[in-house]
Amino acid sequence: MAVWVFTEEVDGSVSQSGLELVTKARDLGDVSVMYVGEGSDEAFGALGAHGAGSVTHLDPGSTLPGAPAAAAMADAIGDSCSLILFGASNTDRDVAGRLAARLGVPVIANALDVAVNGGVSVTSEILGGTKAVTTTSEASPTIVITRPKAFVAAPSGGGAPVVTAVDLPDVGACAATVTASHAEESEGPDLEAASIVVSGGRGLGAADKFALMDELASLLGGAVGGTRAVVDAGWVPYSYQVGQTGKTVKPDVYIACGISGAMQHVVGMKGSSTIIAINKDPDAPIFGIADLGIVGDLHSVVPQLIDALKARD
Amino acid sequence: MNIAVCVKQIPDPATPYKLDPETHLVVRPDDQVLDDTDRYGIEIGLQLAEATDGSVTVVSMSPSGTLQGIRQALAMGADAAVLIDDPTLKGSDALVTARVLSAAISRGDYDLVVAGTESTDGYSGVMPQMMSELLALPCLSFATHVETTDAGLRIKRQTPSGYDEVEAALPALLTVTAGVVEPRYPTFKGIMQAKSKPIETLTAADLGVDTAVTQCVQSVEPIAARAAGEIVEDDGEGYRRIIELLETVKVI
Ligand SMILES: Cc1cc2nc3c(=O)[nH]c(=O)nc-3n(C[C@H](O)[C@H](O)[C@H](O)COP(=O)(O)OP(=O)(O)OC[C@H]3O[C@@H](n4cnc5c(N)ncnc54)[C@H](O)[C@@H]3O)c2cc1C
Ligand SMILES: Nc1ncnc2c1ncn2[C@@H]1O[C@H](COP(=O)(O)O)[C@@H](O)[C@H]1O
């Protein structure tokens, strides 16, 4: 069976999501990848090493990828493609939606697993990750958007893939132009890979209080995250957001400070091995999933914790 | 600028959602509310329309019910509503929704279509992109900031490592995050005026849209919830419990 994976380059490298999806796809059939970005032998090599047989490469230049990547992909997949896997990032969703409308097939979103047994069967989460629904699809191809970290990336020992560069399609009135890119500076370990994550919510009270999170995280060698509420308030950049529409983290320890525990946040961190929550409201839902919950004011508990950790050094 | 804002009426998220055991669909009460995340799209629509002497029409596919959610949108200041209410649309996926809303929007003359990035109840997060393809519009997606330019719009678009500045000419489709603007609260006057604003109701047949769905739900299972652990009241020593746990799991 022909399976396609879409992936967009992140910071000059192949994305983690791309490697996760290729790893999954190689168990389902022959894997081709649509790669959007500048591209490099290293990136293509990594895709090959995870099981991709061929890569179609589109460099969007300064064009927003959604429309041209969907057009190029519609051309590239041919008639025999039965399944297309996307990650959940913003560009993945832009391309998946446009491609689906172009091909006249639906998208199954928030997938946790995909199986092939005659047809394609997809298990996805609904209602904030409280229920799993299994759907069979009669569409050809079936387009699936998977949750981050639904699959674990692992090399297959595959060699370099066949790479075909395609020209940027002219999408006429659908074109949008990227005029500038801004990367937020971040220190310390990568949020998605960190073994300790210290996350702050609206309970911090003000943007400058995030310094407490930074200090605690750096003492523990961890990364700092946050809720959508604090991202929307502009206290921290979007790259900090943990949850349904942000990053999915599965660290050894997750420390939630002033976070209520809304299901859209929990879905992005409930895979953590140990969860510690500090919240002044004894009824906060976060306590329902925490291994240790401290009912108290984070503005006293966190500084005490910081002092105690400093005293150990 | 004449603007269409896509908004959803959804069961109140403060109440637990029930699934129909036979159809596996969410049970929708008569008094559905405006999806909170759509208030951002309405606000940006109102600001752009006010600055350009334009209008805002909210477009929604939903059982009408008491029209509570639609009235909430009109009370914020939208001028009119188009509602597609049709029993054959029950259980529609994002593609059917996109076809229906696109067909309804094509009947008007809009410079801009606005939507949220994902709905609170369904959160497929692809419906607006499908519409942009069907309507042949550029899709300025995941905007955290919006401004007008000579030819169209410029946005800040969320990226994994920060944001991009993206521009497109009008007509266009825009999707907004919850950080983009602070939505206004309806005034008493707004609530009163909403009662007499025009609401056009259409069916799928009026729009000539194919409503067939190609997916079939096999089963719905609960996902095992994490068990709660120990909860302790901070008596000034709570931090010690955290230190002990960090030692036990050997991260310090
Ligand atoms: C479609 C959709 C997608 C979403 N995606 C995400 C997502 O990806 N990530 C995400 O996080 N959210 C997401 N949300 C938002 C989510 O529903 C919640 O609104 C959000 O997570 C709440 O953030 P919070 O816990 O910081 O704020 P609140 O819910 O306001 O909680 C603040 C908490 O701090 C506590 N507190 C206050 N003061 C103190 C103090 N001094 N000491 C200790 N505790 C204190 C309070 O008791 C309260 O529990 C999404 C929502 C929707 C509708
Ligand atoms: N039935 C609907 N009626 C109107 N707008 C909708 C509908 N469904 C989705 N939308 C819009 O599309 C966005 C994304 O929704 P979804 O694809 O369900 O996550 C929402 O924020 C709404 O703006």
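Where is A:A165 found? In this predicted model, where local features need pLDDT of at least 70, side-chain atom pairs count only at pLDDT 80 or more and totals for chains, interfaces and linings use all residues, residues are numbered from 1 along each chain as its sequence is written. Chains are lettered from A and ligands numbered from 1 in the order in which they are written, and side-chain values use heavy atoms, with hydrogens and water left out.

A:A165 sits in strand 9 (residues 162-166) of chain A; strands are DSSP runs of E with at least two residues, helices are H or I runs of at least four, and both are numbered from the N terminus. With 61% relative accessibility, A:A165 counts as exposed (over 50%; under 20% is buried and in between is partly exposed, with a 1.4 Å probe and protein chains only). Its C-alpha atom is 8.3 Å from that of A:V55, 110 residues away along the chain.

Turning to the two chains, helix 8 (residues 298-312) of chain A and helix 7 (residues 238-248) of chain B have axes that come within 9 Å and cross at roughly 50°. Those axes are lines fitted to C-alpha atoms over the stretch in contact, with angles running from 0 to 180 degrees between N-to-C directions. The two helices are therefore oblique to each other (angles under 35 degrees count as roughly parallel, over 145 as roughly antiparallel, 65 to 115 as roughly perpendicular, and the rest as oblique). On the chain A side, A:V301, A:Q304, A:L305, A:A308, A:L309 and A:R312 meet B:Y239, B:I242, B:I243 and B:E247, contact meaning heavy atoms within 4.5 Å.
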